[in-house]
Amino acid sequence: MSTAFKQASGGMLIDLKAYNTFSQMKKGLEKKLTSVTELPIGSKVSIDIGKKILSNKQVRELEDTLLDFGMHLDGLMSGRMPDLEEDFYEDPLIEGMSHYDDTALICQHIRSGQKKFVQGNVVVLGDINPGAEVVAGGNILVMGSLRGLAHAGVFGDEGAIIAAYRLIPTQLRIATHITRPPDGERNVVDYPEIARIREGRVIIEKLKI
Amino acid sequence: MKSRVIVITSGKGGVGKTTTTANLGTALAMMGKKVIMIDTDIGLRNLDVVMGLENRIVFDIVDAVNGHCKLKQALIKDKRFDGLYLLPAAQTKDKTAVSPHQMKNMTNELRKDFDFILVDCPAGIEQGFKNAIAGADKAVVVATPEVSSVRDADRIIGLLEAAGLTETKLIINRIRSKMVKRGDMMDISDIIDILAIELLGVVPEDEAIVVSTNRGEPAVLENVSRAGAAYRRIARRLTGEEVPMYSLDDPENIMDKFKKMLKLAR
């Protein structure tokens, strides 16, 4: 992978076409800027990102990186029209997890009879009690005990996940899959767990980050 | 056998309507009857928990009456008996989600497939009560031997009569024979004097009920539970069998007598 500095008309052009993920791209840029010292402070730099598309936040991060080295971002060069792009996002923390732009934060215990619906992801800072329901178009993360019902990927996303600090649900649903804990068995664990679909079945495993 | 729709009601809360429904339903299923239990306590459902079927709920009574699913899809088959089903209440809605007219249509549809349709009524005399009694042809009133419970039961019997339900029977729940003997608790005959309806059965106070309720296993499944035995006898009476009434002597008394006899023998 090469990050090449090129003389372009009126400024510098940095070629970052070769990187596949944003984190690699950012590291590549930092590496290149560190290795090159002859650029004057205050230089304007253009970046060629090839066929990728970046979110506003990611563009800002690249700008910040350049500013750390005393340079300004002049422009981004992209080979494709943005509205036709495939999404290009940072590596997800959990492998294979679906991406959603909007995430709702719920800071309360969700009690029996309460039902929360969210279009994208939902993060619950609190518990979900038996008889309560949380339904999300995207992923569900519970920073507490999930004892009630959670339905992730309600619009049919089989890649959606449900993670909880303590996963002891009445019922779990991902996309069109519905599961419940087996009768009689109660296996108590004291670590966070994640539920997702693997080979057409909902499986629960220890959450490793 | 002609199918029967029996509403289990009380007016007062906490006297054991849901426990009675779960135990009678299970006992009837043990006898080979086809039974459906309907939880009409929308918003405060419990019957699913008492039956240990909470985690199987996908559709509920509100989905069924509003056509979001077929009625058969909302029925939950019991994990122990083939002929036993539960129609759970919704938890995230309220009583107005169902109308008495819809309830009547639904119970009539269920008559085709079941011998007994047991309707678990919510506490109170408002919409939930009206829904629960709408499709019923008989009623069972549960009362505990307390003045407040008997007062509410009397009110309920009046409302049932006004709604055309004249065939109402009484279950006296949580009776403590020792307290009755000491005169500290209302006697069965006192209660029947006031309410003037036929006694269907008497269920003794039993700690096993608390255990079984928490476990989601109805007490009738246990041979040692005295309340469970009482419910089994009541279920037999519901099928038309003649079963003698529960005797107030509890096992402790029998043990005491036995000990006394031993002492005398010495």
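The model is a predicted one, so local features are taken only at pLDDT of at least 70 and side-chain atom pairs only at pLDDT 80 or more, while totals for chains, interfaces and linings use all residues. Residues are numbered from 1 along each chain as its sequence is written, and chains are lettered from A in the order in which they are written.

Chain A comes out with two helices and 15 strands, these being DSSP runs numbered from the N terminus (H or I, at least four residues, for helices; E, at least two, for strands). Of its 209 residues, 27% count as buried, meaning that 20 or more other C-beta atoms, placed from the backbone, lie within 10 Å of the residue's own. Contacts are pairs of residues whose C-beta atoms, placed from the backbone, lie within 7 Å. Among those in chain A between residues at least 6 apart in sequence, 37% join residues at least 24 apart.

Helix α2(A) covers residues 56–68, and its 13 residues should span 18 Å at 1.5 Å a residue; the end C-alpha atoms do sit 18 Å apart, so the two agree. The expected span here is 1.5 Å times one less than the number of residues. After α2(A) comes Gly70(A), with a positive phi near 80°.

Over in chain B, α1(B) (residues 17–30) packs on α11(B) (residues 226–238) at about 65°, with the axes 9 Å apart. Axes are lines fitted to C-alpha atoms over the stretch in contact, and angles run from 0 to 180 degrees between N-to-C directions. The crossing is right-handed, that is, the near helix is turned clockwise from the far one by less than a right angle. On the α1(B) side the contact uses Asn23(B), Leu24(B), Ala27(B) and Leu28(B), and on the α11(B) side the residues include Tyr231(B), Ile234(B) and Leu238(B). By class there are seven nonpolar, two polar and one charged; Ala, Val, Leu, Ile, Met, Phe, Trp, Tyr, Cys and Pro count as nonpolar, Asp, Glu, Lys and Arg as charged, and the others, Gly among them, as polar.

A second pair is α5(B) (residues 100–111) and α6(B) (residues 127–134), at about 30° with axes 7 Å apart. That makes them roughly parallel, the label for angles under 35 degrees. Pro100(B), Met103(B) and Lys104(B) meet Lys130(B), Asn131(B) and Ala134(B), giving three nonpolar, one polar and two charged residues.

As for the interface, eight residues of chain B contact 12 of chain A. The chain B side divides into one nonpolar, four polar and three charged.

Technical notes
Angles under 35 degrees count as roughly parallel, over 145 as roughly antiparallel, 65 to 115 as roughly perpendicular and the rest as oblique. Two residues are in contact if their C-beta atoms, placed from the backbone, lie within 7 Å. A residue is buried if 20 or more other C-beta atoms lie within 10 Å of its own, exposed if 12 or fewer, and partly exposed in between; C-beta atoms are placed from the backbone.
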